[in-house]
Amino acid sequence: YVYGGEISDEEYVDNEKDLINAADKYGITNLKLEAEVWYVDNKQITIDNVIDNLLYADARNCALLKETVMDFIVENKEK
């Protein structure tokens, strides 16, 4: 990615959190944002995984994921 600028959808499917972690660790902002957008668009937030996603978003400073999770919590507060 650093030299070519592209990652296939298959790479995102298999390694979305690994890509976010590596991009965060090495300061590759564009990769982190792209992986985060892919994660938000393609992973379903559920009652079962909402806390894990919130903790992950907070730990990795993923603002978009955190906002998505918070919106899910507000929308499903009665459950």
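# Close-up views of a predicted model

**Asp24 is partly exposed, at 28% relative accessibility.** Accessibility classes use a 1.4 Å probe and protein chains only: buried means under 20% relative accessible area, exposed over 50%, and partly exposed in between. The model is predicted, so local features need pLDDT of at least 70 and side-chain atom pairs count only at pLDDT 80 or more, while totals for chains, interfaces and linings use all residues. Residues are numbered from 1 along each chain as its sequence is written, and side-chain values use heavy atoms, with hydrogens and water left out.

**Asp24 meets both Lys32 and Arg60 in salt bridges.** A salt bridge here is a side-chain nitrogen of Lys or Arg within 4 Å of a carboxyl oxygen of Asp or Glu. By this rule the model has four salt bridges. The N-to-O distance from Lys32 to Asp24 is 3.0 Å. Lys32 is buried, with a relative accessible area of 11%. Between Asp24 and Arg60 the N-to-O distance is 3.3 Å. Asp24 belongs to helix α1 and Arg60 to the loop between α3 and α4, so this pair ties together parts 36 residues apart in sequence. Arg60 is partly exposed at 27% relative accessible area. Shared partners join Asp24, Lys32 and Arg60 into one salt-bridge network.

**Glu16 and Lys43 form a salt bridge.** The N-to-O distance is 3.6 Å. Glu16 sits in helix α1 and Lys43 in the loop between α2 and α3; this pair links distant parts of the chain, 27 residues apart. Is Glu16 buried or exposed? Glu16 counts as buried, at 12% relative accessibility. Lys43 is partly exposed, at 31%.

**Helix α2 spans residues 29-42.** Helices are DSSP runs (H or I, at least four residues), as strands are (E, at least two), numbered from the N terminus. The 14 residues of α2 reach 20 Å from first C-alpha to last, close to the 20 Å expected. That expected span is 1.5 Å times one less than the number of residues. Buried residues of α2 are Leu31, Lys32, Ala35, Glu36, Trp38, Tyr39 and Val40. They pack against α1 (9-26), α3 (50-59) and α4 (63-75). Contact means heavy atoms within 4.5 Å.

**One aromatic pair is counted.** Tyr12 and Trp38 have ring centres 5.8 Å apart and planes at 15°, so the pair is stacked. Tyr12 lies in helix α1 and Trp38 in helix α2, a link between distant parts of the chain, 26 residues apart. Rings of Phe, Tyr and Trp (its six-membered ring) pair if their centres lie within 6.5 Å; planes under 30 degrees apart count as stacked, over 60 as edge-to-face, and the rest as tilted. Tyr12 and Trp38 are both buried.

**The charged end of Lys17 sits over the ring of Tyr56.** It lies 4.6 Å from the ring centre. The rule asks for NZ of Lys or CZ of Arg within 6 Å of the ring centre and within 35 degrees of the ring normal.

**The largest nonpolar core has 18 residues.** Tyr12, Ile20, Ile45, Leu65 and Val69 have the most contacts inside this core. Helices α1, α2, α3 and α4 each supply at least two of its residues. Helix α2 gives the most, with five. A nonpolar core is a set of buried Ala, Val, Leu, Ile, Met, Phe, Trp, Tyr and Cys residues joined through side-chain atoms within 4.5 Å. Leu65 touches Glu36, Tyr39, Val40, Ile45, Asn53, Tyr56 and Ala57, not counting residues up to four places away in sequence.
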